[in-house]
Amino acid sequence: MLRRFGLVCLFVSIATLPAHAESVRITQDIEARTITLNGAQIVIDRIQDSENRLEGDFTRTSRPCPPFCITPMTVAPGVVTLGELEVMDFLEARVAAGDGLLLDSRLPEFFAKGTIPGAINLPFATLDPANPYRDEILKALGATLTGSQWDFSQVRQLAIFCNGPWCDQAPLAIRHLLQAGYPAEKLSYYRGGMQVWLQLGLSTHVPNGG
Amino acid sequence: MFRALAIASLFTGITVALVLLQPDGGARFDADGVSVTRASDGLAGAAYLPAGGNVLANPIAAPENRPQDPQRRTPERAATAAGTDLQTMTRGVLAELGVAPGSLAANDGTDGADDPLRAMSLDALTGLRNFTGQPAPAPAQGDPLQKLIAKALMAGQSDAYIDALLNEAAGRGEIAVPRALVTAEGRVDTHVILSSIVAQATLAVGQEVPAPSVPGGDGVEVRMVQRADKTVEHMFYTVNSGDSLGAIAVKFYGDISRYTTIYEANRGLLSSPDRLRVGQRLVIPTI
């Protein structure tokens, strides 16, 4: 009798396991975010294995500084710093609406290994004033050049990130943009970057690979 | 007038050369000519063109002036950088004139293939444009400035006439003038535009552009500074009336796109390449 009860209990707990599958939610109310970008749906949720741990490079604690120094919370006056929820809001409110871009400012080889869903690659080096193609990039972001006068009134809202709070590439990209005349209110900084995004088990996207 | 004649004679020279070298030379020139005038794929397409292909037809892909002299060949990023607008404009004018600067690239396989920043920028632009659905910009040959110059040159107008024409058009805001071509008086530096076109046309037919004469004359000042182990030469130039940054670059380096070298060395004085003032004493870096 006792054994049969035990078996029933076991059966019940196994049977109800899928019901616990979404026990790692984004917030108490939100299980996943589904956002439609350019006709394609992206889903952001979290890894459901509560025993999952990071492996490899993102487990390192003590990268040499310089160059991997701790970045400030606010990268420049007027440039808002975002957390993960705000990044998702940005994707939904701005990127999906076509007036914002989520930019991965890391070099292409890092971007290729995995990025935040919906992000596009704009390596920080391409925004350097010495880059001959920088003006074209500014134009692609919505700036217009008349004679020698830049007009940034129609530029897109940008959210920029890199590898995380120990990575200066996104702050550098933001400084370059500000120096070029990009308005601070059109820029935002996701300081957590890939480090915190991965730490929270959030979905990533491997460009051209799946 | 002199320059218009020079262009005209070059043009004739090319035609003669074409007639003489008809079997292969002629065919290739034609092919280049076609792609220059028909290139409608903007930057995005250029990213995937093979090295040495006719990337020159593209406004952004236009590489810097390539003198044959290996010493002056050392490509400097910054110079390539901001020189692009001048080079593009010059090539645009030549394309309007029917001289295909594209033939320049054909015998030079190093067309930016070894430049990671260029590849990265082009990829980023492709990504941005794919995502935002923006079309790549139209090639620069429709630029009003280029059309104006080409038309005047073909009509055999004098330098003075072209100068007046450009300044009037610029005054009415009909043409956009590259910043390095604005003189200390705020005028268009027609002289440098025309010299640049002649130099490019010379290169396009495979001749060498004469190296600049050793700079001297008004406003040039050389100082020797004794350091612990060596003597360093510092050169200065005082801006004269009628100078543009492009003209000063040609004067000292023989290459208009080098104006960025001078601009970068004098950022403290110059807020922008078109803010030159008579009497300013510019540092001229040794390259």
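Arg33(A) counts as buried because its relative accessibility is 12%; buried means under 20% relative accessible area, exposed over 50%, and partly exposed in between (1.4 Å probe, protein chains only). This is a predicted model, in which local features need pLDDT of at least 70 and side-chain atom pairs count only at pLDDT 80 or more, while totals for chains, interfaces and linings use all residues. Residues are numbered from 1 along each chain as its sequence is written, chains are lettered from A and ligands numbered from 1 in the order in which they are written, and side-chain values use heavy atoms, with hydrogens and water left out.

**Salt bridges in chain A**

A salt bridge is a side-chain nitrogen of Lys or Arg within 4 Å of a carboxyl oxygen of Asp or Glu. Over all chains, the whole structure holds 15 salt bridges. Arg33(A) pairs in this way with Asp89(A). The two partners lie 56 residues apart, Arg33(A) in strand E1 (residues 33-37) and Asp89(A) in helix H2 (residues 84-95) of chain A. Helices (H or I, at least four residues) and strands (E, at least two) are DSSP runs, numbered from the N terminus. Asp89(A) counts as partly exposed because its relative accessibility is 39%. Glu92(A) joins Arg33(A) and Asp89(A) in a network of salt bridges.

| Salt bridge | N to O distance |
|---|---|
| Arg33(A) and Asp89(A) | 2.9 Å |
| Arg53(A) and Glu51(A) | 3.9 Å |
| Arg60(A) and Asp57(A) | 3.9 Å |

Arg53(A) is exposed at 63% relative accessibility, and Glu51(A) is exposed at 55%. Arg60(A) is partly exposed, with a relative accessible area of 44%, and Asp57(A) is partly exposed at 47%.

Chain A has 6 helices and 9 strands. Of its 210 residues, 43% count as buried. In soluble globular proteins, nonpolar side chains tend to be buried together. A nonpolar core is a set of buried Ala, Val, Leu, Ile, Met, Phe, Trp, Tyr and Cys residues joined through side-chain atoms within 4.5 Å. The largest such core has 54 residues, and among those touching the most other members are Leu158(A), Leu141(A) and Leu128(B). A second, separate core of 24 residues includes Val93(B) and Ile256(B). Leaving aside residues up to four places away in sequence, Leu158(A) touches Phe90(A), Leu101(A) and Tyr182(A), among others; contact means heavy atoms within 4.5 Å.

**Where the chains meet**

The contact takes 26 residues from chain A and 20 residues from chain B. The area buried between the chains is about 2000 Å², of which carbon and sulfur atoms give 71%; buried area is the accessible area (1.4 Å probe) that two parts lose on being put together, summed over both. In chain A, Pro132(A), Tyr133(A) and Glu136(A) lose the most area to chain B, together 30% of what that side buries. Between chain A and chain B the count is 1 salt bridge. Glu136(A) and Arg129(B) meet through their side chains in a salt bridge (3.6 Å, N to O). On the side of chain A that touches chain B, helix H4 (134-140), strand E4 (100-104) and strand E5 (119-121) each supply at least two residues. The largest share, 4 residues, comes from H4(A).
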